[in-house]
Amino acid sequence: MTKMEWAQIEEKWRKKWNDEKQFESNPDSRKKFFVTVAYPYPNSPQHIGHGRTYTLADVHARFMRMSGYNVLFPMGFHYTGTPILGMARRVQENDKDLIEAFRTLYKVPDEKIREFSEPVKIADYFHQEIKAGMIEMGYSIDWRREFTTIDPFYNKFIEWQFKKLKENGLVIQGTHPVGWCPKDQNPVSQHDTLGDIEPSFTEYTVIKFKYDNYVLPTATLRPETIFGVTNLWVNPNVNYEIAKVDNEEWIISPECAIKLGFLNKKITKTGNISGSELVGKKVKIPERSDEVYILPATFVESDNGTGVVMSVPAHAPFDYQALDDLKKEASRHPNIPALSEIKPISIIETEGYGDIPAREIIEKLGIKNQDDPKLEEATKEIYSKEFYGGKLKQNTGKFANKVVADAKEAVKKWILDNGNADILYELNENPVRCRCGAECVVKLLDNQWFLNYSNPEWKEKVHSWINEMKILPEEIRNEFNHVVDWLKERACARQHGLGTKLPWDKNWIIESLSDSVIYMAYYTIVKYVNAGEIKPDYISDSFFDYVFLEKGDLQKISSESKIPQETLEKIKKEFQYYYPVNARHSGRDLVPNHLTFFIFNHLAIFPKKYWPEEIVVNGSVLMDGKKMSKSMGNIIPLRDAIKTHGADSIRLAILISAELLQDADFNQEAVRGIKNKLENMLEESTKYKAAKEALLMQEDKWIHSRLQQLIAKATVSIQKMRLREALHHVLYEFDSDIQWYLRRVEAKNRTDQAGILHEVLSARVAMLSPFAPYVSEEMWSRLGNQGLVSMSPWPNPDETKIDLLSVQSEDLLKTTLDDIKNIIKVTKMTPKKITIYTAAAWKAKAYQKILYQVTSGNVNIGTMIKSLIADNETAEIKKDPDFVKKTVNDILSESQESRDSKNKVGAVDEIKALSELESLIKGEYGIGLQVFSETDQAKYDPKNKARTARPYKPAILIE
RNA sequence: GCGGGAGUUGCCAAGCCUGGUCAAAGGCGCAGGGCUUAGGACCCUGUCUUUUAGGAGUUCGUGGGUUCAAAUCCCACCUCCCGCACCA
């Protein structure tokens, strides 16, 4: 089939769906099913990877629709956020790379690119691009409910949401550290930096040591080690600054002074002092009564921390080594008389280490001096060992016996509360440069607004709902609980970007992850705005209170909002009909943020009956086994892929390559295979028209039985969203059944199978249609069925159509045929004649008895033989006791299902069943077949084979 | 570190939840045959070892255990991958 033909099929059915408004959903008497997906951020065209989540959701929607639900599957577009702003700025600055990417990678026409200096134009362009792709993919979306997050009505909705959160005390104000570009005066995130470095940072405790009236601050990750300080370190070659920091005089490195400036300290430089001048002076240790010396060390760097370091030689390898180095050249430091008396103070006890862990590890790693790079490794190891396994010793006062992990926080708080400490943030990677070239810093933002996800009652509520919700796959439930525990206050507003302004403080714009948590409710009513029945200008909070929370006076709200009372009622009813969300689909990357916030906010704003029911999470898509990325150039825009492969093939390729959580691998090979498969099925569909079914023969009953089993299995798989498994059943597993059926029918030269195949294939097409909607419609119509398959009912498994006898008989045929084939293969003979002997009647009896025994748990061969001999019917077992062992093994190697089925069916008339082989053997080898019973006196048995026959395992003679 | 996932026969990859139909689907590769002007495409057959009667042996990261029966359940260990924030 050509690309053209595929495109025509898609076009034809897309038009039909659209003309008949098949996917528009309005409240009616049916049960509803509301399925949503995280809406896209339109800053680039969507690629195959984006297609996965939407395709999964669409399959879900289509399946539920066929199962009789009134399905609502809507879509919006998330304009809120900063990346688009950054892109627009780069276009204004004529950024060649970006413009080139638009032109060649995204194929944006030049005249459009020129408009891209305006952020909204970028969003608008990709919005339309993405939407077109979704339509081409065949997603069954109700487009009357489309919106963007900068629509005036949406702004009102978000304002309402935030006022509600604030009323509930969940929005709070505070300070917040962020990665910051001093030149742009803006927070920076990973894609704002050169080389896409995440501007992550670590919090240090700054402990203030006193020298005269000066403060010598030291930054540390281990405040609890203050009890082990023996001295301070300065770098003698650094020219330190004396600066007024708030109300104290600090001695710090020049770099530190700059950093502190961004942490809202008032800094006034008042002088300088060189490191060497400080050496030999004494400082007072806060919270301790003693004094220690300031000593020189070369490992101290002025751009790290404050440029001053506190020395804990017992537990910090750098400190131990530096002290050791210094002692070796003590003669050069006459101004420090007591150098040799400085001894490490051990304060932490850790299993596997003695008093001075730092010395132990230095010796172990063979470190020679303080400039040895291995000291980093040593520090890491000691830190992690002590942090998780260490305990404070008696010399730490009230912190004695505490484990280090707890003591660290406790000591920090204690020193801070006493005013002897401060906080400093340090970027983990230095330097981080903004795209503008400036070096980034950590800035403490004042008056930042937060959603208080720390609130313990809120957390608790979320936990308990997470444990009640349906979450697929199940593993993710734990992950959610973990995220909830770990989540803290989250900044919810920023100063730049597209979005809704904070209603009580218009300087702030509500951040993108906070304005996208309850918008699913918005889908249920937005169609009235789009139809012009709601005028955003007249809408105030009371409207939302009424519709979503059933609060307020209908008459009053009606006159305020200029919406007739009936319409208002209808809008409210529509919300109440569709809410809650039944299934939310999303990529795995949104678990630690969006999806968790989604639960948090629903619980905060809506009553319990509107809380979301189910979350379905999926993994990402790989391209030929590799991660897709711009730099690798292996991103395939979805619309391009549709043009080359067709929507159905892409949908199947994405779905069939992995189960939910795994990464799906998209590769040409797989798509080609699928396309082939679909084309074969399509061709097959033209062959069999509906016809009155003839009298059912064994193979007909068999294929019907198999169909019922398929329906049952596929239905369960889809219900669990195991779409790969479902597809496997429908596409491949069942295919081998059809192959077998055709082989049987052809061998018999039958001509009356069309009706049966029509029925079977129609059911299969129906089950394929949620996955591959276009080609399924085409197959459905070529099979001669009426209406749209996407609107037809999902096949119902019918147990009564399962004929266990025919299943057993066909199995017998297959295994016997396999055996024959095997013998011929091993013996390499050319068969001229085949004779088959079925087991004697007493063996069948014995088989049933043994089967019964095994089923009830008895596998003891001895007792079995005894009881069989005791029974007249099976007493002949005496002649062949080995039969029991073999039969038990036969039975044991079968599945429970198959044993049950054999139990139910009882003895199969094997002579009759195996006589069906004749036509197959004739077709395969062109030779004759004879079937005898073992007990047939007149049988032909020159090699005395017949006696080896067992039930379900006939003896075979090939000549 | 915390949390999650994975290790299967030459390669990719199913099977594991729910133990037996598992020497283990499917695809690729490879070998032989067909078709074809050769090639490509396509179709058939084979592809752990062994075997001239449908059999046997050894396999599913490693080592134990449970069971009549383990790729599948339990325990321990080794190795690899992903996420840890104010960013969509």
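Helices (H or I, at least four residues) and strands (E, at least two) are DSSP runs, numbered from the N terminus. A residue is near a molecule or strand if one of its heavy atoms lies within 4 Å of it.

The model is predicted: local features need pLDDT of at least 70 and side-chain atom pairs pLDDT 80 or more, while totals for chains, interfaces and linings use all residues. Residues are numbered from 1 along each chain, chains are lettered from A and ligands numbered from 1 in written order, and side-chain values use heavy atoms, without hydrogens and water.

**Exercise 1.** Find which element gives the largest share of the surface near RNA strand B.

*Solution.*
- Start with the elements that give two or more residues: α15 (475–486), β19 (490–491), α25 (723–747), α28 (804–827) and β30 (955–958).
- Among these, α28 has the largest share, with 6 residues.

**Exercise 2.** Look for side chains with polar atoms beside a sugar or linking oxygen of RNA strand B.

*Solution.*
- Take polar contacts as pairs of N or O atoms within 3.5 Å; within protein, one must be able to donate a hydrogen and the other to accept it, and residues adjacent in sequence count only if both atoms are side-chain atoms.
- For H482, the distance is 2.9 Å.
- For R588, the distance is 2.7 Å.
- R722 turns to a base instead: a side-chain N or O atom lies 2.4 Å from a base oxygen.

**Exercise 3.** Name the residue that follows helix α34 and describe its phi.

*Solution.*
- Helix α34 covers residues 917–925.
- Next comes G926, with a positive phi near 65°.

Definitions and conventions
Buried means under 20% relative accessible area, exposed over 50%, partly exposed in between (1.4 Å probe, protein chains only).
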